[in-house]
Amino acid sequence: MFNYQKAFYLTSSKNYKFLPKDLGIEIAFLGRSNAGKSTIINTLTQKKNLAKSSKTPGCTNLINLFQLDKIRRIVDFPGYGFTKSSTKKLGKYFEIYLEKRKSLKGVIIVIDVRHIQMPMDIHMVKWTVSSDLPCHIILNKSDKLNIYTRNKMLKLANSFYNKENNKIITMQLFSNKIKTIGLKKLKNILNKWYHI
Ligand code: GDP
């Protein structure tokens, strides 16, 4: 089994010019501010503070890169949706990244399971799909709903996102509070995309 615990902070970048060489395999994580993206990266790598949740959401427009091994990286995009200007900046950066970055091999979009049809999330999924990259949606904070409701939300999200787009979008439930929900599934997807 691949050891995600070896992850370490590599660098941050404010714009596309200052990035490590475009070699290897990168997987990007995106999500609305507060959806739980940082906590998911920390759960995955079993590190408490690797991905830092911003105290003032939307104030940072840096992407953070984490190195998993010689060729594999996680690209942590800032959360969107908090302010219009930061969301716009993030959108532009993401668009360029999708267009130019050859090592980008997949995009994970973190969505709060209680709010599955937020416009920016729909937009990010569409962008990813239109650039021919695989897209996996994590429906996070599943512990906030009972089993019946969370499964209903998964079904709804599945039919919504797969009707909206003509590519297959995979998705799953996740919880950072209940570690049995979703961690194994997430690792399986990442392992596939990272060719592990
Ligand atoms: P980010 O802005 O997307 O990086 O969100 P954070 O990772 O900082 O999480 C935002 C808040 O949601 C924090 O208070 C987390 O403790 C909480 N949170 C994250 N994941 C979960 C989860 O799975 N369940 C619950 N109940 N809370 C969560």
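Glu-26 has Leu-104 as its bridge partner in strand 5. This belongs to a parallel pairing in which strand 2 and strand 5 (residues 104-112) are joined by six bridges; two strands count as paired if DSSP finds at least two bridges between them. Strands here are DSSP runs of E with at least two residues, and helices are runs of H or I with at least four residues, both numbered from the N terminus. The model is a predicted one, in which local features need pLDDT of at least 70, side-chain atom pairs count only at pLDDT 80 or more, and totals for chains, interfaces and linings use all residues. Residues are numbered from 1 along each chain as its sequence is written, and side-chain values use heavy atoms, with hydrogens and water left out.

Glu-26 also has a bridge partner in strand 4, namely Arg-73. Strand 2 (residues 25-31) runs parallel to strand 4, and five bridges join the two. Phe-29 of this pairing is bridged to Asp-76 in strand 4.

How many residues of strand 2 are buried? Seven of the seven are buried, and strand 2 is therefore largely enclosed by the rest of the structure; buried means under 20% relative accessible area, exposed over 50%, and partly exposed in between, with a 1.4 Å probe and protein chains only. Ile-25, Ile-27, Phe-29 and Gly-31 point one way from strand 2, whereas Glu-26, Ala-28 and Leu-30 point the other way.

Strand 4 (residues 72-76) is likewise largely enclosed by the rest of the structure, because five of its five residues are buried. Arg-72, Ile-74 and Asp-76 point one way from strand 4, and Arg-73 and Val-75 point the other way. Strand 3 (residues 63-67) runs antiparallel to strand 4 and is joined to it by four bridges. In this pairing, Asn-64 has Asp-76 as its bridge partner. A hairpin through four residues connects strand 3 to strand 4.

Helix 5 (residues 183-193) has several buried residues, among them Leu-183, Leu-186, Leu-190 and Trp-193. In an α-helix there are 3.6 residues a turn, so residues three or four places apart point the same way. The buried residues of helix 5 pack against strand 2, helix 1 (37-45), strand 5, strand 6 (135-140) and strand 7 (170-173), where contact means heavy atoms within 4.5 Å. Just after helix 5, His-195 adopts a positive phi of about 55°.
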